[in-house]
Structures are given as structure tokens and as C-alpha cells.
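Let us read a protein model together, one feature at a time, with the general idea before each case.

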Amino acid sequence: MRILLTTLFCCFFTFSFSQNKEEVRKIWVAFVDKASPAFSIDEPETFLSPRAIQRRQRQSIAIDSTDFPVNPIYLDSLKTLGATIHSTSKWLNAVSIIVSNSMEKKIEQLDFVQSTKYVGKNLNKFLLLRREDKVRDSLPEVFLMENDYGHAEAQIKMLNGDFLHNQGFKGKGIWIAVLDGGFSNVDIMPFFDSLRINNRLIFQKDFVDGDDFVYESSSHGSKVLSTMAANYPGLMVGTAPDATYICLKTEDTRGEYLIEECNWVAGLEYADSLGVDVVNSSLGYTTFSDSAMDYAYENLDGKTGIATRAATFASQKGMIVVNSAGNEGDGKWKHIDIPADAENILTVGAVKSNGQRASFSSIGPASDGRIKPEVVALGQRAATASVYGAKVNHSRGTSFSSPIIAGMVAALWQAFPNQTNQEIMQAIIQSSSQVDTPDNELGYGIPDFRLAYQLLKSKQ
């Protein structure tokens, strides 16, 4: 028995050493080019939806090679070597793959590979809170407020958002994608009944686990979604209750690794290919579980971060990306996060009900001196829907000021559907409370969507 145990121990040690040596992990592979006979600018319908093509045409945006998917020949070559494709990026011409560390060395030597970078561990599929057979409990009697907005009244009226709503502009016809870490119970929450009944909750996709189920893992995305999409008059109504929504899970709540940025890029590009108009991302990246991945303030230049570069591309493709500034204002970091430093997006900070900056709201500028955040909205005691029944909580974070703005962007764009994304964003900035004296805490200030509407109306 003693000999047997010793033998087993030796075998286990050898097996463990072998497993460590052949660690399976995720890496980001950038390609040298996108040369491929599979795609043509003259046939965009082979890689973009009709709605994505129409968005480009409406804003006079040319379709070019950055719209092509990555070269399928390169992907096939990686798979032949034993790599598993996790996600791809057409704009950055790269792919995230799952591969052993010994295979990584072979991949680095391929003539079509520009560079490789370790981006995270290969974790098992995440099933926390996953329930596809949930049934909603019967709702108790709910106390309703006299105003239709219910608990969300203050955050909407702070922006004069009720003016647009009273004109009939509540986001109808606008598609909003939400990138987050999970959307627990969105499929049964009463706040989203009208979305489900009217088929305006479409195209869910999980870029973490590689499936199409996103109503799991985290309630963060559920709360974020509620600030825009909730439609429970007298209890809570969001800033764009008539918009159409796409829920995309890109954040892995088990840790912080660069792979989440890769997921974020894949989610954003998927939204583009569908023809999404507005994207809300209440996510940000600065420090990671592996400190070797950490960013420095100098990296907030609008050009360095993977997600930052993709956000800029999204703007160039005609979308409006709305991103939270971050919650590090009273911490050691203090600055905005990546991709909040991207050019030509709306980075949103948080204020209290009196219009003063919430202490946690991250500050700018970007490291190249650009004003950040651009605008602010209520982020301290913002109304968010509970994932458990017909209740409203009051939450804290730029995670909620960002979607409050994103919903109002959709309402404004509904009113002026032929305006470009840049024209919509500029009207919002020009309407803001300190447009003539912007600073690094509130940016251009609190937008006035009635004034933004009037500015655009005057140019027609």
C-alpha cells in the first residue's frame, strides 16, 4: 500500500507538472493584414445587416475594408493548429483564442500574425444564477405615485427629458445595445413586460460563455437596462421606454482580465453588424486581477486601449456610444476608465440631485487633454428597478447616469432620424449647463434635452 501511494503521488505530480506546463489560456492575436477574396465592398449584404448598411448610407459613411470580417483563412489556420476561436474583431483585425502556452509560440511565428498578447485565464462556463425556466411570482399590490415616471421622475426632469416624451419621442424605432455583465431576471421582471409583449427585447448574446442566454450572472445589467427601458407607470418609467433593446453579456464577473475588453469589442461589433444606433456601456477598465495588464493614466489617450479603439471605430460607423466615466473619483485612481477616453463618444459622469458632482464620479481630462466626461446626469440615488418583484431601489454610480443619458439620446434621435451621430452629440453638448466653461469634473455639464431639440429644430 505504501508503495502504491508513493507511485500514485509520483504520477499525480508528473500529471500536475504536465498540466501546468501545458496551461490553456486566452490570447489576443493581431493579424498583419485582412487580405481575403471572400468579401467585397460591392456586396456588403454578405457581412452587414440591411439596417447596418442603411445607417451608414443615411450618414454618408462609406463601407470599407474595416467592415470586412477577419480573414477566414487565418482563422482556419489557427484552428488547424489546435486553437479554439473565442471572439473576433473586424475593426482591429484580431482574434481572441483559447490555446495552450506551447502552441502560442508556434502561433507567434506564423507569417500572417503581427503580435500576440496574453489576455486571461480560460475559465469554465459560468452558470451562476442561470435559470431558463423561471416563473414570476404573483405581484403584490404596489403603491403607485401620482406621476407616470414614479421614482424616476427626478432623473428625467433634471434633463428636461419629459419635454421630448411629451412630444411623443420615447425612442421608438431606435435600437439600443447594452453591454454588461449579465441581466438576471430581465426575462421575468414586470418593468419589461411591454418590451416582451411588443417584441422589443431582441438578439441576446453572451460573449463570455459563447451562448445566447444572458439572463444570468449579474443584476447590474438589469438595473442599467431599467433606467432606459422600464415601463411601469406610477412606479418607474425609463428614458426610452419605446426603444428596442439588445442585451449583450461581455463582462466576466469572476475577475478582471483583458479578455473582457476583447469581449467588449466583439459585442460592440456585433451591435454594429445588427444595425444598432445607440450603445450603452456601464463598464470600464483600468486595473486587473493580473497587475501586468494594468493601464497607466498616460494610456488614456484615445488610442491605446483595445476597447477605446473599438469605441472610436463605432463612432466612425455612425453609432453613438455612451459610456460611464467610472467610479474612482474619490479613490486612488481618480481618473476616467477605458474606454471612456475614446474620441467622439459621450462619456457620462454622475451628479447628485442638487447638480453637484457625486464624489465617486471619475474625473478627466483624457491624458491628451480632451475634456472628459462630456456630460453628467443623476448617479447618486438614481432610481433602478429591483430584480425581485415590483420594487424600485436607489442606486449609486456612473453605471446609472450613463444609461439615463443613452435613453435620452435615443429619444432625441427619434425626433431627428436624419441627423448624423455627430450632430446629435453636438446638440446635446451645446445644450449643457456649462458649455462655455467646461471642466474636468462635470465636462460640459447637465444636458437640457429641450434645448437640444430646439437647436436641431432651428437647423432644419
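Q: How many disulfides does the structure hold?
A: A disulfide is a covalent bond between the sulfur atoms of two cysteines. Here the term is applied to a pair of cysteine sulfur atoms within 2.5 Å, and the structure holds zero of them. Before going on, note that this is a predicted model, in which local features need pLDDT of at least 70 and side-chain atom pairs count only at pLDDT 80 or more, while totals for chains, interfaces and linings use all residues. Residues are numbered from 1 along each chain as its sequence is written, and side-chain values use heavy atoms, with hydrogens and water left out.

Q: Is Cys247 buried or exposed, and what about Cys262?
A: A residue is called buried under 20% relative accessible area, exposed over 50%, and partly exposed in between, using a 1.4 Å probe and protein chains only. Cys247 is buried because its relative accessibility is 0%, and Cys262, at 1%, counts as buried too.

Q: Where is Met158 found?
A: Helices (H or I, at least four residues) and strands (E, at least two) are DSSP runs, numbered from the N terminus. Met158 is found in the loop between helix H5 (153-157) and helix H6 (161-166), and with a relative accessible area of 21% this residue is partly exposed. The C-alpha atoms of Met158 and Ser353 are separated by 8.2 Å, although the two residues are 195 apart along the chain.

Q: What is the order of the strands in the open sheet of four strands?
A: Strands of a sheet pair through backbone hydrogen bonds, either parallel or antiparallel; in this reading, two strands pair if DSSP finds at least two bridges between them. The order of this open sheet is E2-E3-E1-E4, with antiparallel pairing. Its edge strands, E2 and strand E4 (113-121), each pair on one side only. E2 and strand E3 (residues 94-100) are joined in the antiparallel sense over five bridges, and Ser87 stands opposite Ser96 in E3.

Q: What is the volume of the largest pocket, and which residues are closest to its centre?
A: On a 1 Å grid over the protein atoms alone, a pocket is an open set of points with protein on both sides within 12 Å along at least five of seven lines, whereas a cavity is a set where a 1.4 Å probe fits but cannot get out; lining residues have an atom within 4 Å of a point. Grid points are joined across faces, edges and corners, and a volume is the space filled by probe spheres set on the points. The largest pocket has a volume of about 550 Å³, and of its 28 lining residues the closest to the centre are His86, Ser87, Thr88, Phe207 and Ala266. E2 supplies the largest share of this lining, five residues.

Q: Which residues lie nearest the centre of the second largest pocket?
A: They are Glu251, Ser282, Leu283, Gly284 and Asp337, out of 24 lining residues, and the space in this second largest pocket is about 410 Å³. Helix H11 (residues 398-415) gives the most to its lining, with three residues.

Q: How many cavities of 30 Å³ or more does the count come to?
A: The count comes to one. About 50 Å³ of space lies in the largest cavity, whose lining includes Lys26, Lys121 and Asp252.
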